[in-house]
Amino acid sequence: MQLPTLEVFVDRLVAVSRIEGFDPDTPLTTSGVDSLDLMEWVYDMQERYPDLGLDESIVESVNDTVTFRVIHQQVLAAHGVTPVASATGGDA
């Protein structure tokens with residue numbers, strides 16, 4: 001199974017939430033994304049990537065420090081994949 005990249009995660013979130021200027025490194029609680037946006041994103045991802053294993057519990061894990069990049073890393077880790085550092089120093 002090919003896992004979606006962080007960019008795909010972000011693109012789908014932006015598409016369902018219609019938020020502009022989303023930064024995956026900003027804590028979700030201050031990013032303008034609310035729990036309904038995340039739920040729509042989960043349902044969208046479940047439809048597009050049924051083998052990904054995303055469910056509603058991901059929304060419950062959001063606190064003042066959780067970023068979208070962290071969520072992506074958690075999904076990769078659940079599938080036994082280690083994120084690779086990008087050329088800019090962030091995770092892939």
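Before I name any helix, I note how they are assigned: helices (H or I, at least four residues) and strands (E, at least two) are DSSP runs, numbered from the N terminus. I am working with a predicted model, where local features need pLDDT of at least 70, side-chain atom pairs count only at pLDDT 80 or more, and totals for chains, interfaces and linings use all residues. Residues are numbered from 1 along each chain as its sequence is written, and side-chain values use heavy atoms, with hydrogens and water left out.

**Entry 1: serine 17**

I looked up serine 17 and found it in helix H1. Is serine 17 buried or exposed? I count serine 17 as buried because its relative accessible area is 15%; buried means under 20% relative accessible area, exposed over 50%, partly exposed in between (1.4 Å probe, protein chains only). A polar atom of its side chain lies 2.7 Å from the backbone oxygen of leucine 13.

**Entry 2: the core**

I found 24 residues in it, and Phe22, Leu28, Trp41 and Phe68 have the most contacts inside. Helix H1 (6-17), helix H2 (35-48), helix H3 (57-60) and helix H4 (68-78) each give this core two or more residues.

**Entry 3: aromatic rings**

I wrote down the rule before looking: rings of Phe, Tyr and Trp (its six-membered ring) pair if their centres lie within 6.5 Å; planes under 30 degrees apart count as stacked, over 60 as edge-to-face and the rest as tilted. I found 4 aromatic pairs in the structure. One of them is phenylalanine 9 with tryptophan 41, edge-to-face at 5.1 Å centre to centre, with 65 degrees between the planes. This pair links distant parts of the chain, since phenylalanine 9 is in helix H1 and tryptophan 41 in helix H2, 32 residues apart. Phenylalanine 9 is buried at 0% relative accessibility, and tryptophan 41 is buried with a relative accessible area of 0%. I also noted that Phe9, Phe22, Trp41 and Phe68 form one aromatic cluster.

**Entry 4: salt bridges**

A salt bridge is a side-chain nitrogen of Lys or Arg within 4 Å of a carboxyl oxygen of Asp or Glu. How many salt bridges does the structure hold? I found 3.

Aspartate 44 meets arginine 12 in a salt bridge (2.7 Å, N to O). This pair links distant parts of the chain: aspartate 44 in helix H2 and arginine 12 in helix H1, 32 residues apart. Both aspartate 44 and arginine 12 are buried.

Arginine 69 bridges to aspartate 25, with the closest N and O atoms 2.4 Å apart. Arginine 69 sits in helix H4 and aspartate 25 in the loop between H1 and H2, 44 residues apart. I have arginine 69 as buried at 14%, whereas aspartate 25 is partly exposed at 41%.

Arginine 48 and aspartate 44 form a salt bridge too (3.2 Å, N to O). They both lie in helix H2, 4 residues apart, about one turn of the helix. Salt bridges with shared partners join Arg12, Asp44 and Arg48 into one network.

Methods. A nonpolar core is a set of buried Ala, Val, Leu, Ile, Met, Phe, Trp, Tyr and Cys residues joined through side-chain atoms within 4.5 Å. A polar contact is a pair of N or O atoms within 3.5 Å; within protein, one must be able to donate a hydrogen and the other to accept it, and residues adjacent in sequence count only if both atoms are side-chain atoms.
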